[in-house]
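Here is my note on the model, as you asked. Keep the viewer open as you read.

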Amino acid sequence: MSQTASGLESATLARVKPSPTLAVTARARELKREGRDIIGLGAGEPDFDTPENVKEAAIAAIRRGETKYTDVDGIPELKQAIVSKFKRENDLDYASNQIHVAPGGKSVIYNAFLATLSAGDQVIIPAPYWVSYPDMVLLAGGEPVVVACPEADGFRLTAAALEAAITPRTRWLLINSPSNPTGAAYSAAELEALAEVLRRYPDVWVLTDDIYEHLTYGDYRFVTIGQIAADLMDRILTVNGVSKAYAMTGWRIGYAGGPKPLIDLMRKVAGQTTTNPASISQWAAVEALNGPQDFLPERAAAFERRRDLVVSMLNQAKGLRCARPDGAFYVYPSIEGLIGKRTPAGREITSDGAFAAELLDAEGVAVVQGEAFGLSPYFRISYATSDDLLEDACGRIQRFCASLD
Ligand SMILES: Cc1ncc(COP(=O)(O)O)c(C=O)c1O
């Protein structure tokens, strides 16, 4: 066993950091237990409940005795529901043997990286990124190549930036739209521009993480790269899941459609790690995907209202600037105007990490610092919580910003 300074930790694990968003949630919970009045805006999960029909399907599955091992990468019924979903919502043609189901989108992505990355293989990750991407690449033995996507570009990867980042070792480009943490979503034209670059590099694959697909607002219409670049389908992995759209984070079901050779390799990984995702959750996901979908736009409308509330209140806070994103349930305001200012106790706001720590201390609002997502100085707010709490939290943020001098 290779030993590092900590003695027990493996050299591989020593390369990764614990999830900072889970850490913020845990810290907020701890302060709450101590009796502090805390509003947690760190967690990336909808506050809505799992729909009743989905719960009932799970209960029925238990009663039917669907409680045994299943096919490693998903029961046929769920794969068929996913095939139908991809056709119905994305106009993508996948066959059942091109579908992979795993315990969460996180597990799907990790299986893809473990299946394909060798030492030194690179994965292009546009920043700001979901905190887990670089660490999953590292755990799988690959090398994350982080490409900064500044606010001026709408936090989106441009064709020029993509082309500049590609090397002979590039294995994957990762796209996440709508994005965690910025909510930024790609238009068809923007994806087409990226596809045009990819056509010149036939060895580069694309992993598109579409988990926030159903959370889009205003005039924006969701589009995934496979839809507009059918010629690239033999190197696109389309990842999705039920966690965010159906408020099923605890059930742990994610899925992907992709070329059969890749799906076969991912099954090989799952067969020696997790085995199948929970049988009961799989039956619940069948109902989520095949059952009524009419509540999706209703929930999206609730999130849109919250987005507008949060963006408006944050833009009224002294020193903050907050873009209005097209999707997901996050905003990513800039604290550029507050760097160098001091709290009433005289402590300087030197970074977004300092900002988040002081805000939690002074006003009991838990947010996640931008450095966790690879682009500073910003912070992330998850607005997947009630309007009342959001109003209270944004009021506290305004008060905190006004107190800085
Ligand atoms: C961008 C993104 N992808 C994937 C996931 C994974 O979700 P799950 O593993 O619950 O399917 C998350 C969860 O926070 C996410 O934000």
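1. Ground rules. This is a predicted model: local features need pLDDT of at least 70, side-chain atom pairs count only at pLDDT 80 or more, and totals for chains, interfaces and linings use all residues. Residues are numbered from 1 along each chain as its sequence is written, and side-chain values use heavy atoms, with hydrogens and water left out.

2. The largest core. A nonpolar core is a set of buried Ala, Val, Leu, Ile, Met, Phe, Trp, Tyr and Cys residues joined through side-chain atoms within 4.5 Å. Buried means under 20% relative accessible area, exposed over 50%, and partly exposed in between (1.4 Å probe, protein chains only). The largest nonpolar core has 54 residues. Leu78, Leu162, Ile225 and Tyr246 have the most contacts inside it. Several elements each supply at least two residues, including helix H3 (52-64), helix H4 (76-90) and strand E2 (99-102). Helices (H or I, at least four residues) and strands (E, at least two) are DSSP runs, numbered from the N terminus. H11 gives the most to this core, with 6 residues.

3. Which residues does Leu162 touch, not counting residues up to four places away in sequence? They are Ile124, Leu157, Leu173, Leu194, Val197 and Leu198. Contact means heavy atoms within 4.5 Å. Another core lies apart, with 39 residues, among them Ile38, Trp130, Tyr133 and Trp172.

4. Aromatic pairs. The structure holds 18 of them. Rings of Phe, Tyr and Trp (its six-membered ring) pair if their centres lie within 6.5 Å; planes under 30 degrees apart count as stacked, over 60 as edge-to-face and the rest as tilted. Trp172 and Trp205 have ring centres 5.7 Å apart and planes at 65°, so this pair is edge-to-face. The pair links distant parts of the chain: Trp172 sits in strand E5 (residues 170-176) and Trp205 in strand E6 (residues 205-209), 33 residues apart. Trp172 is buried, at 1% relative accessible area. Trp205 is partly exposed, at 22%.

5. Phe329 and Tyr330 form a tilted pair, 5.0 Å centre to centre with 55° between the planes. Phe329 is buried, at 0%. Tyr330 is buried, at 0%. Ring pairs link both into a cluster with Phe48, Tyr212, Phe303 and Tyr383.

6. Helix H5. H5 (residues 105-116) has 12 residues. Among its buried residues are Val108, Ile109 and Phe113.

Methods: Expected span 1.5 Å × (residues − 1).
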